[in-house]
Amino acid sequence: MAIYLIVAAAFLLAPAWAAPAPAPAPQVTAPVVFGTDSQISASVQPSTTGYRVEYLEDGYSSATYHGPYTGTPTTIGAVDGPTTLAASIPALPPNPTATYYNSIGVPLNPMPAPYTPAGGLGTNGTLPRYMVESDFDFESIALGLYQEWIELDLFHDGLARFTDAEFDAAGLGDEARSLIEFMADQETGHSTLLSNMLGERAPGQCIYNYPYTTVREWVDFMQRVTRFGESGVWGFINHLDSREVGQLLSQSIATEARQQQIFRQMSGLTPMNVWFENGWPQSWAWTMLAQYISYCPENTTRLAWQNFPTLRILNNANINRYSPNDTAQDGSETVGPRITDPSRSNLTSGSCENLNVTGYGCGPAIAHNKSEPLSFPGKKVLFQWEAPGLAVGPNNSYVTSTTAGAPKFVGWSQQLNLTYSPLTVTGNNTGFTYQPRGYVYDNEGIINGTMAVMLTDLDLFVTPFNVSLLNPHIVALGLYQAG
């Protein structure tokens, strides 16, 4: 039973003509003794995550293994339904019933109750059912649960892997580490919530293979992982059949958005540099996530989403350089070949990590302004992409695929837009483009932040609510560090 202590304060109302009370004297001596803590009854519940952990000397825990899968997959490919009805979803005209327009600014229809305008979904008093209501719901929430599980492990892993001295050298003291631990605890709640909304076939936690070797690379990797975790939910949440599930999911993904901002601050990036966050189809998020899952138990629920081939940005700006334009042009300043691998931090020159100069430093901070931006309109962006057919994901049991033709365009997905630039092919699965200029509203540039880019065979017009129509035209998918 929860016990709440309510403290009531009495206020004395002085007459209107009374002189104001004198201001308290300023405190000139900092307190050094704070008294004893209050004693409150508490009960610590055991963990139910069900994965193998080890406890290190600093008190943090992590899984006993983080590395590649070395076995032989027993199942290959995404999960299928009884049959597939078409090769793709056709583009249709607007919904003929979507005609409401209010030109007078007052309710047009009878109100079902006082202060209750007509319309809305789930507003008729029906008892909510917080369970998935379709295959679309199940596969989407299962993907979200895979995401929550990796974040739970990932946030813990760095805390356990790196020493206090390494954290201090990276500018992250005890309080920063405590905050990351709290964010890991948040993932326990999120994974529990999503598991409950799925039921008995909810996927459990797996074993993961991470790319980082330093604290800064770990934090950079987390800002990228939370980017596709957040955007991957914004892309499907309003397509869910269960509005109740969408309600609870939105309350968890709002937390994810805060995590992404915090990890950007810890990475020395601007915490927010867009007016609108971008939503992605499930297959984009799964493509990025699956590459870091090494092994799952054989009975783990599989997903139906597509795995696209990897698009590498060879000159993706290194966030650890005070001059990002000095980033090498051959991909060597990313720690590995996977889509969301972080920038290499062990630079021999040009590092901004311990540079206390406004406009150039990149240590952890509430905010930084960059004298030299990570990217800019007109920047030549170099690409290299994989052919389809590679084994990826848990147990190497998923296969990358594409139904697109030869690549002709680069798609840039950010804010409310998906815009294109022409691709110049220079060799076998290599090419370049120039970062386009475009605006959302006024002078707010479209391309900024941590964002998705892709090669396509068609410059198909899509909007935030139907961007998944582009999937059949995607050749390869990548992540661009624009700002």
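Reader: Which residues lie nearest the centre of the largest pocket, and how many residues line it?

Author: In this predicted model, the lining of the largest pocket is made of 39 residues, and S88, I89, F136, A304 and W305 are those that lie nearest its centre. The volume of this pocket is about 1700 Å³, and the elements that give two or more residues to its lining are helix 1 (135-161) and helix 6 (282-290). Helix 1 supplies the largest share, 4 residues.

Reader: What makes a residue of the lining of the largest pocket count as nonpolar, polar or charged, and how do the residues divide?

Author: Residues such as Ala, Ile, Phe and Trp count as nonpolar, Asp, Glu, Lys and Arg count as charged, and the others count as polar. By that rule, the lining of the largest pocket divides into 23 nonpolar, 13 polar and 3 charged residues.

Reader: Why is helix 1 called largely enclosed by the rest of the structure?

Author: A residue is called buried when its relative accessible area is under 20%, and 24 of the 27 residues of helix 1 are buried, so helix 1 is largely enclosed by the rest of the structure.

Reader: How do you know that the span of helix 1 is close to the expected one?

Author: Helix 1 has 27 residues, and from its first C-alpha to its last it reaches 39 Å, which is close to the 39 Å expected at 1.5 Å a residue.

Reader: What is the volume of the second largest pocket, and which residues lie nearest its centre?

Author: Its volume is about 360 Å³, and among its 23 lining residues P373, S375, N448, A482 and G483 lie nearest the centre. The lining of the second largest pocket divides into 10 nonpolar, 11 polar and 2 charged residues.

Notes:
Residues numbered from 1 in each chain as written. Predicted model: local features only at pLDDT ≥ 70, side-chain atom pairs only at ≥ 80, totals over all residues. Heavy atoms only, no water. 1 Å grid on protein atoms, 1.4 Å probe; cavity = no way out; pocket = protein on both sides within 12 Å on 5 of 7 lines; lining within 4 Å. Points joined across faces, edges and corners; volume = space filled by probe spheres on them. Expected span 1.5 Å × (residues − 1). Buried < 20%, exposed > 50% of the residue type's maximum accessible area, 1.4 Å probe, protein only.
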